[in-house]
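The structure comes first, and the entries follow.

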Amino acid sequence: MNKHIRFTIHICAVTAAAVFAGWAIVVLLLPIFGLQLWQQEWQNQGKTTLQFSQIELPFTNEADLTNSLPFMASAVLDVDGDGHDEVFLGGGKHQKDGLFKFKNGAFHNIADAILPQKADGDASMGAASIDLNNDSLADLFVARESGIWLYESGSEKYSARFLGAMPEANTIALSISLGDVNGDGWVDFYASGYIRNDLVEGTTIFNEPYGGYSALYVNNGDNTWRDTTKEAGLYRQHNTFNAVFVDLDNDLDSDLVIAQDTGHVEMYAGDGTGHFTPIENPSVFSYPMGVAAGDYDNDGLIDLYFSNVGHTMPAPLVRGDLTKDQAFNPDYMLFHNEGNLRFSDQARKANAARYGFGWGVIFADMNLDGHEDLLAAQNYARFPDFLAITYPGKLLLQYEDGKFRPTEKRTRAKNNHYGITPLVSDINADGWPDLIWANLVGPVRAYLSKGGTHHWLNVRLPNTASSVNAIVQVELVDGRTLTKQRIFGQGLGSEQTSDLVFGLGKTETIISVRVRFQDGRDYTIDNPGIDRTLSIGGAP
């Protein structure tokens, strides 16, 4: 019998036993009250003046949860070079992909006019976007059940190119993470691999060799790619959700961070030539899913955040084949970068640990106060109905004490659907980050920020391989220095905006902006002004 089915039956059996043991009331109330209290879902919402208004984005995902893995592609990207992002949303097996332009206060689906449509019966799992040929137009990678597709920009519409299936026959790509691992100025990518849906044996296998194979593809210098996974030191069998390339030690080359299912967080130091060596980290056995990367404490080093299963299910049901002496952690994880490739998990201390079943996570300064905030998509579409708890998706604002507090209800940006990832972009070009929840088997939810009194600076770099993990630092007159990197692939199967938006709070003077590219270019712009877009390094 399929282990995934046995897992579901096991859940039902355990619940039934509890009922007959006299715990009926507890079991009935647990999804409504007990679990939410246990996971801090009932903690007070943080105080904020930030507000959102919902706007229709007419796309409802139609995933086939029986015959496909429960994921969907999404991205915000500038398809026409006008400086404003469009929204790509992946369709299920028998559903077209969507591509939406925001114009005259509304979203319009332009997919039929611009985007070659996928074959029927082929679900879109993940997306990534970058300008491959330096024409100032974003190209689009899409990971599908059939393999990896590239949509290349043209004068009027995209053309489709099939890059091939994953190297191992048992694997499909769930997400694509873009980088430049050898510093040659060409786009490389890491495809996170998961075992094919028809081969799934279970969802709680930790100790047995099991799962798909991920792959590193290095550019040949002509936008064709070769598989270098083994020579790079990255070949292994393990179901993987997502990965990001990020410069963890500011040495101007890319390191790799991987969220694997039923395992540990994996981290690798890049040497700038395409080879990677493992980095120790504080994770134990868990379910790392989405990956976020940002400098949440403004110390100049990029920190990492990972979603997890939370405490939605009792621990014995999600420990799987772990032995009693194997440590297990269901909490979300916040890895503080201590420097010299050392990390500590500060999630509990920062109030960022105990939340519901999570998927894509990202860092973004949503209220523009100069502190990175966190967003996390929640809920699991494959839970039996009686166990499904519709968490509202988390918008965790960071406060002056360094702690994160949920504000999704107070800001009116909650999402009770089966969230896969948040997407953040300034959709209406007012300088304030807007929010889109990409949802599985349900409607996408879009929220426009109502803005506020805080100031901002939008730094725009070329959306090309030359900007991968470029380090941008904004020095403020009040003594703070804010740091961001151009990081591709935050969330889960998603691409965030290519713009780097710095919140300035009440500060009205920027001393300087410094940008360091991996190829050695180093720009400093003095007194750049505020509440504007600053283009650097040849960006349009």
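Predicted model: local features only at pLDDT ≥ 70, side-chain atom pairs only at ≥ 80, totals over all residues.

Ser136 belongs to the loop between strand S6 (124-130) and strand S7 (139-144). Is Ser136 buried, exposed or partly exposed? Its relative accessibility is 42%, so I noted Ser136 as partly exposed.

**Entry: the nonpolar cores**

I asked which residues have the most contacts inside the largest nonpolar core. That core has 66 residues, and those with the most contacts inside it are Leu57, Val87, Phe107, Trp359 and Met366. The largest share of this core, five residues, is contributed by strand S27 (residues 434-440). A second core of 20 residues is separate, and I listed Ile130, Ala143, Ala215 and Tyr217 among its members. As general background, I noted that nonpolar side chains tend to be buried together in soluble globular proteins.

For Met366 I wrote down the contacts, not counting residues up to four places away in sequence; among them are Leu50, Phe52, Leu375, Leu395, Leu397 and Val424. The list also includes Asp373 and Asp434, along with Trp432, Pro433 and Leu435.

Lys101 lies in strand S4 (residues 98-103), and I noted Lys101 as buried because its relative accessible area is 19% and the cut-off for buried is under 20%. Leaving aside neighbours within four places in sequence, I found Lys101 in contact with residues including Asp80, Asp82 and Glu86, and also with Ala106, Phe107, His108 and Ile110. Lys101 and Glu86 are 15 residues apart in sequence, with their C-alpha atoms 4.9 Å apart in space.

I looked up Asn351 as well, which is placed in the loop between strand S21 (342-345) and S22. Asn351 is buried, with a relative accessible area of 15%. The C-alpha atoms of Asn351 and Thr524 are separated by 36 Å, and these two residues are 173 residues apart along the chain.

How many residues of strand S29 (residues 455-460) are buried? I found that six of its six residues are buried, and that both faces of S29 are covered, with His455, Leu457 and Val459 on one side and Trp456, Asn458 and Arg460 on the other. S29 pairs with strand S33 (residues 500-505) in the antiparallel sense over five bridges, and with strand S36 (residues 532-535) in the parallel sense through four bridges. Leu457 stands opposite Phe502 in S33 and opposite Arg532 in S36.

**Entry: the open sheet**

I traced an open sheet of four strands in the order S31-S30-S34-S35, with antiparallel pairing. Strand S31 (481-485) and strand S35 (522-526) are the edge strands, each pairing on one side only. On average, neighbouring strands of this sheet are turned by 15 degrees against each other, direction ignored. Strand S30 (residues 471-476) is joined to S31 by five bridges and runs antiparallel to it, and within this pair Val472 stands opposite Lys484.

**Entry: rings and charges**

Arg486 lies over the face of Phe488, at 3.7 Å from the ring centre.

I counted 26 aromatic pairs. One of them joins Phe206 and Tyr287, edge-to-face, at 5.3 Å centre to centre and with 80 degrees between the planes. Phe206 is in the loop between strand S11 (188-195) and strand S12 (215-219), and Tyr287 is in the loop between strand S17 (276-278) and strand S18 (291-294), so this pair ties together parts that are 81 residues apart in sequence. Phe206 and Tyr287 are both buried.

How values were computed
Residues numbered from 1 in each chain as written. Heavy atoms only, no water. Core = buried A, V, L, I, M, F, W, Y, C linked by side-chain atoms within 4.5 Å. Buried < 20%, exposed > 50% of the residue type's maximum accessible area, 1.4 Å probe, protein only. Helix = DSSP H or I, 4+ residues; strand = E, 2+ residues; numbered from the N terminus. Contact = heavy atoms within 4.5 Å. Pairing = 2+ DSSP bridges. Axes fitted to C-alpha atoms, helices over the stretch in contact; angles between N-to-C directions. Phe/Tyr/Trp six-rings, centres within 6.5 Å; stacked < 30°, edge-to-face > 60°. Lys NZ or Arg CZ within 6 Å of the ring centre and 35° of its normal.
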